[in-house]
Amino acid sequence: MSFESDQPASVNLSPGSEYGPSARGFQGIPGIACAPNGRLWATWYAGAVGEGNDNYVVLATSADHGLTWSDLKVV
């Protein structure tokens with residue numbers, strides 16, 4: 001299976017329910033960063049059932065040290 005593409009990835013700044021928790025078959029490869037103002041940013045891969053061309057990366061944020069998290073901000 002090849003994952004190469006000559007098309008750039010698109011960025012979705014208004015992800016809907018099609019990217020919500022119930023639509024994700026898997027999640028993994030997380031990362032987290034803390035901005036100078038204390039805001040946390042979390043990212044991870046998600047998709048249908050495993051590695052493939054339909055996988056995507058998501059981004060969420062927290063302004064209260066991780067007690068609560070936003071809905072997805074970017075896909």
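Predicted model: local features only at pLDDT ≥ 70, side-chain atom pairs only at ≥ 80, totals over all residues.

Colleague: Is His65 buried or exposed?

Modeller: Buried means under 20% relative accessible area, exposed over 50%, and partly exposed in between (1.4 Å probe, protein chains only). The relative accessible area of His65 is 68%, so this residue counts as exposed.

Colleague: What is the phi of His65?

Modeller: Most residues other than glycine have a negative phi. His65 is not a glycine, yet its phi is positive, at about 65°.

Colleague: What is the phi of Ile29?

Modeller: Ile29 lies in strand 1. It counts as exposed because its relative accessibility is 61%. Ile29 is again a residue other than glycine with a positive phi, near 55°.

Colleague: Which residues does Gly28 touch, leaving out those up to four places away in sequence?

Modeller: Gly28 is found in strand 1. Its C-alpha is 9.3 Å from that of Thr43, a residue 15 places away in sequence. Contact means heavy atoms within 4.5 Å. With residues up to four places away not counted, Gly28 touches Trp44 and Tyr45.

Colleague: What pattern does the protein chain follow along the sequence?

Modeller: The chain has 0 helices and 3 strands. Read along the sequence, that gives the pattern β-β-β.

Colleague: Which residues make up the largest nonpolar core?

Modeller: In soluble globular proteins, nonpolar side chains tend to be buried together. A nonpolar core is a set of buried Ala, Val, Leu, Ile, Met, Phe, Trp, Tyr and Cys residues joined through side-chain atoms within 4.5 Å. Here the largest one has 9 residues: Tyr19, Ala42, Trp44, Ala46, Tyr56, Val58, Ala60, Leu72 and Val75.

Colleague: Which elements give two or more residues to this core?

Modeller: Core members include Ala42, Trp44, Val58 and Ala60. Ala60 also touches Ala42 and Trp44, among others. The elements that give two or more residues are strand 2 (40-47) and strand 3.

Colleague: How many degrees lie between the planes of the aromatic pair?

Modeller: The structure holds 1 aromatic pair. Tyr19 and Tyr56 form it, with 4.9 Å from centre to centre, and it links the segment before strand 1 with strand 3, 37 residues apart. Rings of Phe, Tyr and Trp (its six-membered ring) pair if their centres lie within 6.5 Å; planes under 30 degrees apart count as stacked, over 60 as edge-to-face and the rest as tilted. This pair is edge-to-face, with the planes at 85°.

Colleague: Are Tyr19 and Tyr56 buried or exposed?

Modeller: Both residues belong to the largest nonpolar core. Tyr19 and Tyr56 are both buried.

Colleague: What is the length of the polar contact between the side chains of Thr61 and Arg39?

Modeller: Thr61 is found in strand 3 (residues 56-62), and it counts as buried because its relative accessibility is 6%. A polar contact is a pair of N or O atoms within 3.5 Å; within protein, one must be able to donate a hydrogen and the other to accept it, and residues adjacent in sequence count only if both atoms are side-chain atoms. The one joining the side chains of Thr61 and Arg39 is 3.0 Å.

Colleague: To which residue belongs the backbone oxygen that lies 2.7 Å from a polar side-chain atom of Ser62?

Modeller: Ser62 lies in strand 3, and at 1% relative accessibility it counts as buried. Residues touching Ser62 include Arg39, Leu40 and Leu67. The oxygen 2.7 Å from its side chain belongs to Thr68.

Colleague: How far apart are the C-alpha atoms of Ser10 and Tyr56?

Modeller: Ser10 is placed in the segment before strand 1 (26-34). At 68% relative accessibility, Ser10 counts as exposed. Ser10 and Tyr56 are 46 residues apart along the chain, and their C-alpha atoms are separated by 10.0 Å.

Colleague: What share of the residues of the protein chain count as buried?

Modeller: Along its principal axes, the C-alpha trace spans about 40 × 25 × 20 Å. Of the 75 residues in the chain, the share that count as buried is 24%.

Note on methods:
Residues numbered from 1 in each chain as written. Heavy atoms only, no water. Helix = DSSP H or I, 4+ residues; strand = E, 2+ residues; numbered from the N terminus.
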